[in-house]
Amino acid sequence: MSTAGFNSQNGTGTGQAYVNGPSQNPVGLQQLPGVSYGMTHQPTYNPMQAKAPAPPVTGLYPSGPYQPVHPVSSYQPGQSLLTRPLIGGPPSHTPPQSASPGPRLPPAQTTPPPSAVSSSSYYPNPRQPQPMAPAWHYNTAPPPMGQPTSMSIPPHGPVPNHVNPAASSTPSSAPYSSAPPAHVSHSVTQPPGPGMPPTSLHGYTQPGPAPPPMTHMAPHTYQPSRAPYGPPPTCPPPTMKPTPPPTGTLMANATPPPPKADAGLPQPGPPGRHLGHYPSLPPGYQNTSALHNAGPPMHPAMQAATQPYTQPPQTYQQPPGGPGPAQLSPSLAALSLQSSTPEALRVVNLLQERNLLPPSPMPAPTPCLPQDLQKINCNPEVFRSTLTSIPQTQSLLNKAKMPLGLLLHPFKDLSQLPVVTSSTIVRCRSCRTYINPFVSFLDQRRWKCNLCYRVNDVPEEFMYNPVSRSYGEPHKRPEVQNATIEFIAPSEYMLRPPQPAVYLFILDVSHNAVETGYLNVFCQSLLDNINALPGDSRTKVGFITFDSTIHFYNLQEGLSQPQMLIVSDIEDIFLPTPDSLLVNLNECKELVQDLLTSLPNLFEKTMETQSALGSALQAAFKLLSPTGGRMSIFQTQLPNLGVGALQSREDPNQRASAKDIQHLSPATDFYKKLALDCSGQQVAVDLFLLSSQYCDLASLGCISRYSAGSVYYYPSYHHQHNPAQVECFQKDLKRYLTRKIGFEAVMRIRCTKGLSIHTFHGNFFVRSTDLLSLPNVNPDAGFAVQMSIEENLDDMQVVSFQAALLYTSSKGERRIRVHTLCLPVVNSLADIFAGADVQAITGLLACMAVDRSATASLSDARDAMTNAAIDSLTSYRQSVLTIQQPGLLAPACLRLFPLFILALLKQKAFRTGTSTRLDDRLFAMCQLKYQPLVYALLMIHPALYRVDDLTDEGALNINDRTIPQPRVLQLSVEKLSREAAFLMDAGTVMYLWIGRNCHPNFLTQVLGVPNYAAVPDNLYLLPELDTAESQRTRAFIGWLRDQRPFFPSLHVIRDESQLKPTFMQNMIEDRTESALSYYEFLLHLQQQISK
Ligand SMILES: [Zn+2]
């Protein structure tokens, strides 16, 4: 068992993957004006026709002899079934998957080579064992601590990846040794991606047409007042810009590493039920210094402005001698306890300071940048780094022992988004970076790329500013004023006409499904929202239902009612009437509505218990392949028939066993392979799992994971027995059906030369080294990437990261959303620590640990997380603190790190010794990888508030509603009181805990019951009472809910409630039979650190 950190195993090679060089396929499809690509031959786009050599179509089936057609209304379960037509074999209406009709998006290897489709590794390196990761090494491996199961640390064997400073700045050559070193190339021309004709890259510099051709669509927040980053007019190089030699050159990794495939999910675990012991705290540990860290309570918003980063901006003034970073970031290493220590580095003795939580949710730290830069920097909710100060070298990063990575929420719903329409999108000729606020203008006609430092010409068109309607101020263009911006792409960004919005619903109608009653809710939700589905006049919809057979619905215009077509040959699935199964929503709306109205009754009496999900998916894939689109699967049981059939792998008796958890990886690669096929055809698959039984989410989840879909999970869903779940499902469905959606998307993340991105986390397929294939993108999806430093960043003061998401909107527009983040480079450990973002670090670690659980084991992942805390605090103690003192010391900015690590160890995804259903664990793992950081953090460390004494003091006022702002409390029963009521917000679920002696006022005024005994058992809705207390409580809960895109259910619980153990399990600071208390955990860390 390795005690090393994550790098050696978590998936993919960490080797040098991406050297942000001239990308071969910059965000997909950029191409030059006038150059036509191979894929655009088709003069007109007709998705339906596009199917390969169109075989005879309509008419054939409906009237054929073998083809009983059932008007939906006359269907009886068990009625006659269609079988494959005898004559001439199966209608080969569905094109072979590779012969896709229209050109598919990026031509590159859309379909991964078979070898990549291994189910056991994330980004398998086709050739070689995992390279040693440069990014994050541990050389400390504390021995077991002789305590309960959880915290023990394996003895330390040969650790594969010791810190090796010497190697650190050398791009690790292991994995892709055939690639030339990063800095080699010279050519400006770039090997075109497969399918792309070679081109020289001059297109973008041609003087454009006349000045004013651009229109802007949403002139939101331009800040004309800000000086451009690097003033336009004449030469003096912009102040802060590093001025590396303008070699026009560039990095080139001509041969990028092979595409990565990703892979298996983690494995499962055991049961046990412990809890309930609330040891009292050791003496001397009670509320030592309450107010310390956080200062007086204030609102998050305000806090954000006044956060820790107190380093003076003069830090960045150009020293006379030139831009040496050494002068720029005065070393803070000497700081220890002096009063001048920035707040972030204030020394905190964790063993003495107890109340470490800020009173309200923590804002992201602010990078230490000059104010004018920071003012326009990307919003941390969208783009955030684990270290807000980037170490100058890999060896420095290795010393800090903190993971370096980015967390993104690229398609987040934004209240303000500047949108630009332009025939020329200005990008770096060398590395294809989009012009952004952090480039420098050498003069009015030239700008220098902030990623590769190439000097580019400013196109004529760009000289006109549509906002100010003036000429000659390129630095005031919206592109240079906004770190987040969206372009409406010109035709070069399309390889085929943008696809229409296509939605296919695949519904489980087995006996089990009907029993849950979900079908009613689904049909009603879709009926209610049918006009709100994102789309335009081309939008198409279709439906498939299945049990042991597959049922299609002919919805062709002109029919008097929907026709049901049943295919019983599930081994070799075919589409009965390929042209009338996906129909134009506008033209066929009435038939669709008819179907939705009759569907719930149609299967009411079914006794069919089997589930041929795999075949239904294959059918759905055939149906969607020609256009791409979205599949939504509703499944209520373990698929047990035909392809993709699964067997139960969970032994309920083992749920709490301390042994390692098994079955965190998929049982079959069927779902992954199908997902990759889907991805290749621009189809994403979303899975709604509603089940009370084990469904093998480890296997089923792959269908969404690799196709960039989402997974929703409603354990124990039942329309009568579980009303809270029903409400949740309804709200989630509404959001799901109506939220924004992007089709046929790709995302590329670039970073300044010298930095390299390797491992990706989220739901997607990695098509080439740095290009994520996202058949659908939704506003609720988060992503994370890990990075390493391949070349010293010596002469740089800042580095930038740019995420570009190219997608087709539901209205058929090709759009590009670009986010650019700028961060300072520092050369001292103290500065690195001062810039640590403990929330982002925790989020990234969680992703890494999920991978590690699958590729190694759960216990290995747990050890690595504990080591993460030990290593970083050891490094801090040894290299930053100059005055040693006893205790467990952390810089203020990392004071919550041990708590968050302990929270992760106790989280459903990673806990041991506590009975945890395998699917629950897997779902928690999915969420940690997929959710945007802010929501993942609530799952890890819920927020606890006392709510029986809410007041208006310090309340927010939003739209004339007063929102009380109670203080966040520590997660310990010590904080609970029988006389009070507490709300625990765990992200996707909330608990309202009522103390046995809760003040009657709260019971009557908020819950509407006379006394404690009268609180109903399954209360999940607060009554709308006309009392101040009720209004405050509901306003607060409503406000919390409004801040997230999903609907957290609320459970009111008492001592007797079944859910009480779940609530108590979230009391992270307390000890349980199987896990340490926070204080014990700290002692454990201290013991390891002082070794
Ligand atoms: Zn560039």
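Student: Which residues do ring pairs link into a cluster along with Phe505, Tyr518, Phe522, Phe543, Phe634, Phe688 and Tyr712?
Tutor: Keep in mind that this is a predicted model, where local features need pLDDT of at least 70, side-chain atom pairs count only at pLDDT 80 or more, and totals for chains, interfaces and linings use all residues. Residues are numbered from 1 along each chain as its sequence is written, and side-chain values use heavy atoms, with hydrogens and water left out. Rings of Phe, Tyr and Trp (its six-membered ring) pair if their centres lie within 6.5 Å; planes under 30 degrees apart count as stacked, over 60 as edge-to-face and the rest as tilted. The cluster also takes in Tyr714, Tyr717, Phe729 and Tyr736.

Student: How many aromatic pairs does that rule give?
Tutor: The ring rule is applied to the model, and the count comes to 27 aromatic pairs.

Student: Where in the chain do Tyr714 and Phe729 sit, and how many residues apart are they?
Tutor: Helices (H or I, at least four residues) and strands (E, at least two) are DSSP runs, numbered from the N terminus. Tyr714 belongs to strand 21 (residues 711-715) and Phe729 to helix 15 (residues 723-738). That pair links distant parts of the chain, 15 residues apart.

Student: Is Phe729 buried or exposed, and what is its relative accessible area?
Tutor: Buried means under 20% relative accessible area, exposed over 50%, partly exposed in between (1.4 Å probe, protein chains only). Tyr717 is buried at 3%. Phe729 is buried too, with a relative accessible area of 0%.

Student: Which ring does the charged end of Lys672 sit over?
Tutor: A charge sits over a ring if NZ of Lys or CZ of Arg is within 6 Å of the ring centre and within 35 degrees of the ring normal. Arg427 does this with Tyr434, 4.1 Å from the centre. For Lys672, at 4.7 Å from the centre, the ring is that of Tyr706.
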